[in-house]
Amino acid sequence: MSPELLVWLVTAALCLALATQPLWASRIDTVLWRWYLVGFPLAVLRVRVTWRKLCQTTDLAVARRPGDLLIGGDTLVKGSPLRPIPPSLGPILPTPNGFTARIRLHPGQTPAQVVALADHFAHAWRVHSVRVVSPERGHVVVVATAHDPLSDDSRALLPARRPRPMTARIGKAASGPWEIDFRQVPHWLIVGATRSGKSNWLAALVVELAPQQVALVGIDCKGGMELSIVAPRLSALAISRREAAQVLSALLVEAEGRMRQCRQAGARSIWELPDEERPVPVAVLVDEIAELYLTDGSRETKSEAAECSTSLLRLGQLGAALGIHLVIAGQRFGSELGHGATALRAQLGGRVCHRVHDEASAEMALGDLSPDAVCVAQQITEGEQGVAVTTVGGHWVRARSTLTTPAEARQAAEEHAHRAPTLKVLGHSATEGGEARE
């Protein structure tokens, strides 16, 4: 194609876009449109211009040895001067709020060297943050976020909501919407200090799950202060450890019944059953897990704690295929809680860490899945309520849950109270203000 023809085609496309602007302008996100037309090209130019100099100053560039020549008794070096060669920078691809760049490392270089330079890249390219992942040996992918997606004055165009059941969009992350998919990650652990955003996270989850065909079971041993606002949508609510033991035991009976049903149908999970035969999924919401484990030393409380611990562990091991999912929230969750805590934590593949007061709490939530995320979680300030670090596929990402007031959560629970399924095994489990749904 000749340059003249290319110019005429571009001019015609611009004229057509201007002529039809009233038709498409209202349908396109202005911020996203500005990023793709202006922000991204400038970012690519900045990356390409600074890449060689940046690699030289950060010691990523490798100098190849020039040829030399020995003359007489003295050594006379001749050849091309030393010229450090940076790692190969591949194509730079846009994302709704940033870009990705693939880097091919020199022999002997490791992804850890590039991870340590993430802040250098962010400052040189003038972006909000940079995250480095290694999809395969010898290559790394740099994921740059142009603007803070968790701030009020910045937003990204979110894709349409998926109709897949047991999926909840509870906020936004650096890469787009923050979605919880229980069929992909069946059990979740939510950790954070007081007033860090745990209750808001649970409220946002309930609001998203309320319109779906799912049974919500609450365990709130703080007298039901947190989960009572959504009690109309719950199939059962336990407000003490004794009631929690009864509810969990009943759920184990439900799990055994579902196992028999799957075995008779030759299915490995309830999702392989026909729609008309599939039992309703169950999400067990536990607020402040420590209240279930800590005892006063008496035989009765020790027995109740051991029973709750064993039941939760069995549900964690068996529940994924049976449609029984655990959401465990607490300030910290480690071996100091007692028997079975560490084993249960190993079953909770989804991790969310809000602001914490010590490194050990962040280590308990994120250390075994993504060690790099521990430092990021400790940098969350008190003014960033709702901001958390979550792990996705072994990599961490910052996210913030949607602000959900108690009034909004209560309204959603009352509006969809008729959708609360009846579980026969929970027919005699106590709830705040009366018995469970018959």
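The following dialogue explains how several descriptions of this predicted model are reached.

Visitor: Why is Arg355 called buried?
Guide: A residue is buried under 20% relative accessible area, exposed over 50% and partly exposed in between, with a 1.4 Å probe and protein chains only. Arg355 has a relative accessible area of 8%, and is therefore buried. Its place is in the loop between β16 (350-353) and α11 (359-367); helices (H or I, at least four residues) and strands (E, at least two) are DSSP runs, numbered from the N terminus.

Visitor: Which residues are in contact with Arg355, leaving aside its neighbours within four places in sequence?
Guide: Contact means heavy atoms within 4.5 Å. Among the residues in contact with Arg355 are Gly192, Thr194, Arg195, Ile380 and Glu382.

Visitor: What makes the rings of Trp51 and Trp125 a tilted pair?
Guide: Rings of Phe, Tyr and Trp (its six-membered ring) pair if their centres lie within 6.5 Å; planes under 30 degrees apart count as stacked, over 60 as edge-to-face and the rest as tilted. The centres of Trp51 and Trp125 are 6.5 Å apart and their planes stand at 35°, so the pair is tilted. Trp51 belongs to helix α3 (residues 30-57) and Trp125 to helix α5, and the pair links parts of the chain 74 residues apart. Both residues are buried, and together with Phe99 and Phe121 they form one aromatic cluster.

Visitor: Where does helix α5 pack?
Guide: First, the sheet itself: four strands form an open sheet in the order β5-β6-β8-β7, with antiparallel pairing. Its neighbouring strands are turned by 20° against each other on average, direction ignored. Helix α5 (residues 118-125) packs on this sheet, touching β6, β7 and β8 (139-145), and its direction makes about 125° with that of β7. Axes are lines fitted to C-alpha atoms, for helices over the stretch in contact, and angles run from 0 to 180 degrees between N-to-C directions.

Visitor: How do you know that β5 and β6 pair?
Guide: Two strands pair if DSSP finds at least two bridges between them. Six bridges join β5 to strand β6 (residues 98-104), and the two run antiparallel. Within this pairing, Leu89 stands opposite Ile103 in β6.

Visitor: Why do β5 and β7 stand at the edges of that sheet?
Guide: β5 (88-95) and β7 (129-136) each have a single partner strand, so one side of each is left without a neighbour in the sheet.

Visitor: What makes strand β12 mostly covered?
Guide: Six of the six residues of β12 (residues 215-220) are buried. Ala215, Val217 and Ile219 lie on one side, and Leu216, Gly218 and Asp220 on the other. In a regular strand the side chains alternate between the two faces of the sheet. β12 pairs with strand β14 (residues 282-287) in the parallel sense over six bridges, and four bridges join β12 to strand β13 (residues 234-238), also parallel. Val217 stands opposite Val284 in β14, while Leu216 stands opposite Leu234 in β13.

Visitor: Which residues touch the most other members of the largest nonpolar core?
Guide: A nonpolar core is a set of buried Ala, Val, Leu, Ile, Met, Phe, Trp, Tyr and Cys residues joined through side-chain atoms within 4.5 Å. The largest has 48 residues, of which Ile219, Ile289, Leu292, Tyr293, Leu312 and Phe333 touch the most other members. Helix α7 (residues 241-265) gives the most to this core, with seven residues. Apart from this core lies another, of 38 residues, including Leu209 and Val352.

Visitor: Why is His106 called buried?
Guide: His106 has a relative accessible area of 17%, which lies under the limit for buried residues, so His106 is buried. The place of His106 is in the loop between β6 and α4 (111-115).

Methods. Residues are numbered from 1 along each chain as its sequence is written. This is a predicted model: local features need pLDDT of at least 70, side-chain atom pairs count only at pLDDT 80 or more; totals for chains, interfaces and linings use all residues. Side-chain values use heavy atoms; hydrogens and water are left out.
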